[in-house]
Amino acid sequence: MKSIDEILKDDHVTKVIRKGIDGAMFNVRINYRLYNVIASNGGGWDHVSIDPINQGHAPTWDVMRVLKDICFNDDETVIEYHPAKENYVNIAENCLHLWRPQKQAIPVPPKNFV
């Protein structure tokens with residue numbers, strides 16, 4: 001994951017709401033729409049959540065791709081988890097998350113499978 005300071009300097013960031021030791025909360029503008037974002041790197045995980053502001057739907061693939069580019073380096077793989085139903089947590093209806101464990105590589109399928 002890029003450093004929090006590097007993320008907050010990205011041209012998509014429109015407002016920093018709060019910055020802490022291991023993360024920040026901020027707004028981004030992607031494709032003319034605003035989103036609340038939280039980026040953190042504590043507990044052995046890099047994590048970014050994105051919540052559309054007054055849009056009524058989850059972020060699109062294109063929005064998630066731009067968010068990944070804002071927060072992660074080009075050579076990093078990240079995951080959007082879909083946990084077992086018993087582990088669902090839904091605090092914000094249209095919020096999506098990107099995750100990357102810091103101490104191990106994420107296995108990926110062969111390029112021609114994707």
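**Exercise 1.** Which residues does lysine 68 touch, not counting residues up to four places away in sequence? Describe the surroundings of this side chain.

*Solution.* The model is predicted: local features need pLDDT of at least 70, side-chain atom pairs count only at pLDDT 80 or more, and totals for chains, interfaces and linings use all residues. Residues are numbered from 1 along each chain as its sequence is written, and side-chain values use heavy atoms, with hydrogens and water left out.

Step 1. Find the contacts (heavy atoms within 4.5 Å). Lysine 68 touches Asn73, Asp74, Glu76, Val78 and Leu98, with residues up to four places away in sequence left out.

Step 2. Lysine 68 lies in helix α2. Helices (H or I, at least four residues) and strands (E, at least two) are DSSP runs, numbered from the N terminus.

Step 3. Look for a partner of opposite charge. Lys and Arg count as positive and Asp and Glu as negative, while His and the chain ends are not counted. A salt bridge is a side-chain nitrogen of Lys or Arg within 4 Å of a carboxyl oxygen of Asp or Glu. Lysine 68 is buried but has no salt bridge, and the nearest side chain of opposite charge, aspartate 69, is 5.1 Å away. Buried means under 20% relative accessible area, exposed over 50%, and partly exposed in between (1.4 Å probe, protein chains only).

Step 4. Look for a backbone partner. A polar atom of the lysine 68 side chain lies 2.7 Å from the backbone oxygen of glutamate 76.

**Exercise 2.** Which residues of helix α2 are buried, and what do they pack against?

*Solution.* Step 1. List them. In α2 (residues 61-71), the buried residues are Val63, Met64, Val66, Leu67, Lys68, Ile70 and Cys71.

Step 1. Find their neighbours. These buried residues pack against α1 (4-8), β2 (23-30), β3 (33-40), β4 (45-52) and β5 (96-101).

Step 2. Turn to the charged residues of the helix. Aspartate 62 and arginine 65 meet in a salt bridge (2.6 Å, N to O); both lie in α2, three residues apart, about one turn of the helix. Aspartate 69 and arginine 65 also meet in a salt bridge (3.5 Å, N to O), and being four residues apart, they too are separated by about one helical turn. An α-helix has 3.6 residues a turn, so residues three or four places apart point the same way. Arginine 65 is partly exposed at 38% relative accessibility.

**Exercise 3.** What is the order of the strands in the sheet?

*Solution.* Step 1. Give the order. The open sheet of five strands runs β1-β2-β3-β4-β5, with antiparallel pairing. Two strands pair if DSSP finds at least two bridges between them. The edge strands are β1 and β5, each of which pairs on one side only.

Step 1. Follow the pairs. Five bridges join β1 (residues 13-19) to β2, and lysine 15 stands opposite asparagine 27. Eight bridges join β2 and β3, with phenylalanine 26 opposite valine 37. Six bridges join β4 and β5, with aspartate 46 opposite arginine 100.

Step 2. Check burial. Six of the eight residues of β2 are buried, so this strand is largely enclosed by the rest of the structure.

**Exercise 4.** Which residue forms a salt bridge with lysine 19?

*Solution.* Step 1. Lysine 19 forms a salt bridge with aspartate 5, the closest N and O atoms being 2.3 Å apart.

Step 1. Lysine 19 lies in strand β1 and aspartate 5 in helix α1, so the pair ties together parts 14 residues apart in sequence.

How values were computed: Polar contact = N/O pair within 3.5 Å; in protein donor to acceptor, adjacent residues only side chain to side chain.
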